[in-house]
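Student: Hi! Could you walk me through this model while I have it open?
Tutor: Happy to; let's bring it up.

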Amino acid sequence: MSVRDKEKIFLSPPHMTGNEMEYVQEAFNSNWIAPLGPNVDAFEKGIAEYVGAKGALAVSSGTAAIHLALSLLGIGEGDTVLCSTLTFVASANPILYLGAEPVFVDSEPDSWNMSPAALEKAIREEMKRGKIPKAIIVVHIYGLVADMDKICEISKRYGIPIIEDAAESLGSTYKGRQSGSIGDFGIYSFNGNKIITTSGGGMLVSNDIESIERARFLSTQARDPAIHYQHSQVGYNYRMSNILAGIGLSQLKVIKERIKQKRTVFERYVHGFQGIPEITFMPELEQTYSNRWLTTILLQPSRGPGSPSYILNKLRDEQIEARPIWKPLHLQPLFKKMRFYTHFNDKSVAEGIYANGLCLPSGSNLSLIQQRRVIDCILGCFMLRVKSG
Ligand SMILES: *Cc1c(COP(=O)(O)O)cnc(C)c1O
């Protein structure tokens with residue numbers, strides 16, 4: 001079989017239950033073809049119950065949910081917002097939508113997520129510059145939860161609210177609490193690659209019901225209560241379609257199973273790479289339970305067959321999709337003028353993870369045979385390394 005004939009293995013493809021069409025059909029039968037309707041209501045209720053939040057608002061994307069959360073906190077021109085640097089650009093783009101300035105915070109080695117030490121340093125330095133940051137966007141990357149006790153303590157001490165970007169971590173818990181339900185606001189994403197999907201969509205959650213209602217108002221063009229379409233402030237068109245919410249309802253029913261499957265994929269990688277001390281895995285903090293959205297590995301700095309770029313190319317040749325770790329936002333051309341605070345005095349933890357890390361195919365529908373192909377390909381690279389000395 002030539003390589004071209006080999007079945008392509010994707011990083012984290014959609015995993016449908018087969019029952020989605022029932023809810024979609026119901027939307028058609030009742031003619032609720034709109035960004036509102038019974039599926040939207042039920043999906044909001046379902047997510048709120050699952051994560052233990054008092055209120056939820058279904059929106060068109062996770063990015064929209066972050067934008068709304070920042071708007072609710074009154075962030076605007078000239079404000080600064082603290083944000084994890086090791087994340088997808090969507091975590092920080094909404095800061096720019098509002099004319100505010102992102103300030104990036106390094107990772108810590110124990111969780112790869114926001115370093116409490118760097119966070120505190122950032123707040124103090126920003127205060128010296130004359131501004132108290134208006135919000136903290138803490139991201140739970142790859143489904144592993146940040147050190148929320150320490151981050152919440154700092155947030156309280158300085159009076160800065162927390163938005164949890166739990167786009168990748170729906171179902172992960174920290175001391176028994178769901179990620180996204182711990183800060184002032186939480187957001188989830190239902191993009192095609194996330195642990196459950198609506199093809200595209202997001203959710204904003206909070207225990208502050210008034211804020212959720214205000215977000216509902218902002219997400220439907222901020223229409224004043226008058227029959228003649230009156231508007232006193234800027235709004236958005238951010239609601240989730242009733243058809244897509246139907247997909248979400250069916251997906252939400254299987255989330256526990258999906259997490260189990262993702263964790264099984266992770267365990268198989270751990271087992272598969274047992275004999276290779278150069279491969280280590282993203283660490284899970286104590287008293288947390290992660291959904292292991294993507295299995296991520298860290299390699300020893302090297303140039304040869306054991307290096308991330310070599311392995312990435314080998315996998316690509318075998319029709320296997322793997323990716324580097326998120327390029328830290330403070331290194332992005334878009335954010336090159338923004339300030340960044342490190343965990344250690346002399347070096348960035350996030351940059352090290354980016355330079356030496358890899359995301360491996362982690363679909364909840366990844367078969368044993370497919371995963372064997374990925375593991376064998378990577379083991380093959382390490383055999384070459386031994387041979388070439
Ligand atoms: C996917 C993702 C988002 C954005 O979600 P969308 O629904 O695609 O807008 C935000 N933050 C992180 C960390 C993500 O992985």
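Student: What should I know before we start?
Tutor: This is a predicted model, where local features need pLDDT of at least 70 and side-chain atom pairs count only at pLDDT 80 or more, while totals for chains, interfaces and linings use all residues. Residues are numbered from 1 along each chain as its sequence is written, and side-chain values use heavy atoms, with hydrogens and water left out.

Student: Okay, helices. At what angle do α2 and α8 pack?
Tutor: Helix α2 (residues 38-51) packs on α8 at an angle of about 35°, and their axes are 8 Å apart. Axes here are lines fitted to C-alpha atoms, for helices over the stretch in contact, and angles run from 0 to 180 degrees between N-to-C directions. Helices (H or I, at least four residues) and strands (E, at least two) are DSSP runs, numbered from the N terminus.

Student: Is that crossing left-handed or right-handed?
Tutor: The crossing of α2 and α8 is left-handed. A crossing gets that label if the near helix is turned anticlockwise from the far one by less than a right angle, and is right-handed if clockwise.

Student: Which residues meet there?
Tutor: On the α2 side they are P38, N39, V40, A42, F43, G46, I47 and Y50, and on the α8 side N242, A245, G246, G248, L249 and L252. Contact means heavy atoms within 4.5 Å. By class, the contact of α2 with α8 has nine nonpolar, five polar and no charged residues. For those classes, Ala, Val, Leu, Ile, Met, Phe, Trp, Tyr, Cys and Pro count as nonpolar, Asp, Glu, Lys and Arg as charged, and the others, Gly among them, as polar.

Student: And how do α3 and α7 cross?
Tutor: The axes of α3 (residues 62-72) and α7 (residues 209-218) come within 10 Å and cross at roughly 115°. This crossing of α3 and α7 is right-handed. L68, S71 and L72 of α3 make the contact with S211, R214, A215 and L218 of α7. By class, the contact of α3 with α7 has four nonpolar, two polar and one charged residues.

Student: Switching to rings. How many aromatic pairs are there?
Tutor: The structure holds nine aromatic pairs. Rings of Phe, Tyr and Trp (its six-membered ring) pair if their centres lie within 6.5 Å; planes under 30 degrees apart count as stacked, over 60 as edge-to-face and the rest as tilted.

Student: Why is the pair of Y236 and Y238 stacked?
Tutor: The ring centres of Y236 and Y238 are 5.2 Å apart and their planes are at 15°, so the pair is stacked. Both Y236 and Y238 are buried, meaning under 20% relative accessible area, where exposed is over 50% and partly exposed is in between (1.4 Å probe, protein chains only).

Student: What about Y269 and F273?
Tutor: Their ring centres are 6.0 Å apart with the planes at 15°, so Y269 and F273 are stacked. Y269 counts as buried at 0% relative accessibility, and F273 counts as buried at 2%.

Student: Which rings form a cluster?
Tutor: Ring pairs link F88, Y142, W293 and W326 into a cluster. Y142 has a phi near 55°, a positive value in a residue other than glycine. Y142 sits in the loop between β4 (135-139) and α6 (148-158) and is buried, with a relative accessible area of 1%.

Student: Where is A222, and what's its phi?
Tutor: A222 lies in the loop between α7 and α8 (242-252). Although A222 is not a glycine, its phi is positive, about 50°. A222 is buried too, with a relative accessible area of 0%.

Student: Where do R263 and R292 sit?
Tutor: R263 lies over the face of Y289, at 4.1 Å from the ring centre. The charged end of R292 sits over the ring of F266, 3.6 Å from its centre. A charge sits over a ring if NZ of Lys or CZ of Arg is within 6 Å of the ring centre and within 35 degrees of the ring normal.

Student: Last one: is R303 buried or exposed?
Tutor: R303 counts as exposed, at 84% relative accessibility. R303 lies in the loop between β12 (295-298) and α10 (308-317).
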